[in-house]
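Q: I am new to this structure, and I would like to learn how to read its features one at a time. Please give me the general idea behind each feature before turning to the case itself.

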Amino acid sequence: MRLKDKVFIITGATSGMGKAIALLFAQEGANLIVNGRNTKKGNELLTEINSLTESTIFLPGDVGNVAINQQLVNQAIAKFGKLDGIVANAGVLGLGSITEIAIEEWHSTLNTNINSFFYLCKYAIPHIQKSEGVVIANASIAAFRSFPNHPAYCASKAALVALVKQAALDYGPEIRINAICPGPVETPLIWDSAQAFDNPEQAVENAGKSTPLKRLGTPMDVARLALFLASDEAAWMTGSAVTIDGGTMTSC
Ligand SMILES: NC(=O)c1ccc[n+]([C@@H]2O[C@H](COP(=O)([O-])OP(=O)(O)OC[C@H]3O[C@@H](n4cnc5c(N)ncnc54)[C@H](OP(=O)(O)O)[C@@H]3O)[C@@H](O)[C@H]2O)c1
C-alpha cells in the first residue's frame with residue numbers, strides 16, 4: 001500500500017476525477033476527509049469507500065467559502081491527529097465570453113477554482129509542514145491554452161498553476177506541491193464544457209479522437225497520476241504542472 005495510514009483531504013470528491021482519486025487513495029491505505037456540495041452523492045461515495053476503509057469522513061460544503069476549508073482541516077486533525085496532504089480538485093466551468101458572463105458567475109468560478117486553493121492551503125499547510133507531506137491541485141490544460149467561451153475557467157486554471165509554483169518555492173523542502181493538468185477526461189464536466197461548442201456531441205467525440213492516443217481520458221488515468229504525485233516515488237517533484245492529456249497539447 002503506497003499511502004498506508006496517510007491522511008488526505010480531497011475536495012470535489014463526489015464525482016469524476018475526485019471520486020476516482022478518493023477510491024484509489026482509500027485502496028492504497030489512506031484515511032480521507034472528502035468534500036463536495038451534493039450530500040446524496042457524498043453518502044454514495046462513503047458507501048463505496050467504506051468497503052475499503054471505514055474511517056472516511058464526508059464534509060459537504062462549497063469550497064468557495066473560507067469556513068468549509070478551515071473545517072476540513074479541523075476535521076482531519078480532530079479525527080486523525082495529523083494531515084499528510086490535500087488534493088484540491090473541485091472545479092467549475094463558468095461558461096460565457098467576457099461580455100456574456102455575469103459578474104456573479106465570474107466571481108463564483110474564481111472562488112471555486114482558485115480562491116478555494118488559497119483558503120485550503122492557508123489552513124492545511126502548517127499541518128502538512130509537520131508531516132512533510134504534499135499538496136496537489138487539479139488544474140487543466142486550460143491553464144496553457146484557450147477554449148471557446150471559457151475565460152473564467154482558463155484564467156482561473158492559469159492562476160492555479162502560478163500559485164502552485166509560488167507555493168512550491170515558499171514551502172520546500174518540507175512540502176512538495178504540484179499541479180495536474182488534464183486534457184479531455186470523460187466526466188460530467190466535459191459535457192458541460194461541450195455546450196460552448198456549436199455541436200456538443202461532435203465536440204466531445206473530436207476531443208478524444210483528435211489526440212495522438214485517440215481517446216478521452218478516464219478519471220482513473222488521472223487518479224493514478226495523483227497517486228504517484230502523493231507517493232514517495234515523486235520525491236524529487238515540486239512546482240511541476242504535469243500534463244496528462246493523451247497528447248492533446250502536442251498540436252497546440
Ligand atoms: N473533465 C475534464 O475534461 C477536465 C479537464 C481538465 C481539468 N478538469 C478539472 O478536474 C477537476 C474535476 O473535474 P471533473 O471533470 O471530475 O468534473 P465533475 O465530475 O463535474 O466533478 C467536479 C467535482 O467538483 C465538485 N465541486 C464543484 N464545485 C464545488 C464547490 N464550489 N465546492 C465543493 N465542491 C465542488 C463537484 O461536487 P458537487 O457537485 O457535489 O459540489 C464534483 O465532485 C476540476 O477542477 C476540473 O476543472 C477537468
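A: Helices (H or I, at least four residues) and strands (E, at least two) are DSSP runs, numbered from the N terminus. Residues are numbered from 1 along each chain as its sequence is written, and the model is a predicted one, in which local features need pLDDT of at least 70 and side-chain atom pairs count only at pLDDT 80 or more, whereas totals for chains, interfaces and linings use all residues. Side-chain values rest on heavy atoms, with hydrogens and water left out.

Q: Is Asp 84 buried or exposed?

A: A residue is buried under 20% relative accessible area, exposed over 50% and partly exposed in between (1.4 Å probe, protein chains only). Asp 84 has a relative accessibility of 4%, and therefore it counts as buried.

Q: What does the side chain of Asp 84 reach, and with which residues is Asp 84 in contact?

A: The side chain of Asp 84 comes to 2.7 Å from the backbone nitrogen of Val 7, and it also makes a polar contact of 3.0 Å with the side chain of Lys 82. A polar contact is a pair of N or O atoms within 3.5 Å, where within protein one must be able to donate a hydrogen and the other to accept it, and residues adjacent in sequence count only if both atoms are side-chain atoms. If neighbours within four places in sequence are set aside, the contacts of Asp 84 (heavy atoms within 4.5 Å) include Asp 5, Lys 6, Val 7, Ile 128 and Val 134.

Q: What is the order of the strands in the open sheet?

A: Strands pair if DSSP finds at least two bridges between them. Here seven strands form an open sheet with parallel pairing, in the order E3-E2-E1-E4-E5-E6-E7. Strand E3 (57–60) and strand E7 (241–244) are at the edges with a single partner strand each, so one side of each has no neighbour in the sheet. Within this sheet, strand E4 (residues 85–88) pairs in the parallel sense with strand E5 (residues 134–138) over four bridges, and Gly 85 has Val 134 as its bridge partner in E5.

Q: How many aromatic pairs are found in the whole structure?

A: Rings of Phe, Tyr and Trp (its six-membered ring) pair with centres within 6.5 Å, and planes under 30 degrees apart are stacked, over 60 edge-to-face and the rest tilted. The search of the whole structure gives two such pairs. Phe 8 and Phe 25 have ring centres 5.1 Å apart and planes at 75 degrees, so theirs is an edge-to-face pair. Because Phe 8 belongs to strand E1 (residues 7–10) and Phe 25 to helix H1 (residues 16–27), the pair ties together parts that are 17 residues apart in sequence, and both Phe 8 and Phe 25 are buried. The rings of Phe 118 and Tyr 119, with centres 5.8 Å apart and planes at 55 degrees, form a tilted pair. Phe 118 is partly exposed at 44% relative accessibility, whereas Tyr 119 is buried at 15%.

Q: Which peptide bond is cis, and where is phi positive in a residue other than glycine?

A: Most peptide bonds are trans, and most residues other than glycine have a negative phi. The bond from Gly 172 to Pro 173 is cis, with omega near 0 degrees, and Pro 173 is in the loop between helix H5 (151–171) and E6. Asp 5, in the segment before E1, has a positive phi near 65 degrees, and it is partly exposed at 45% relative accessibility. Lys 214 also has a positive phi, near 60 degrees, and counts as exposed at 59% relative accessibility.
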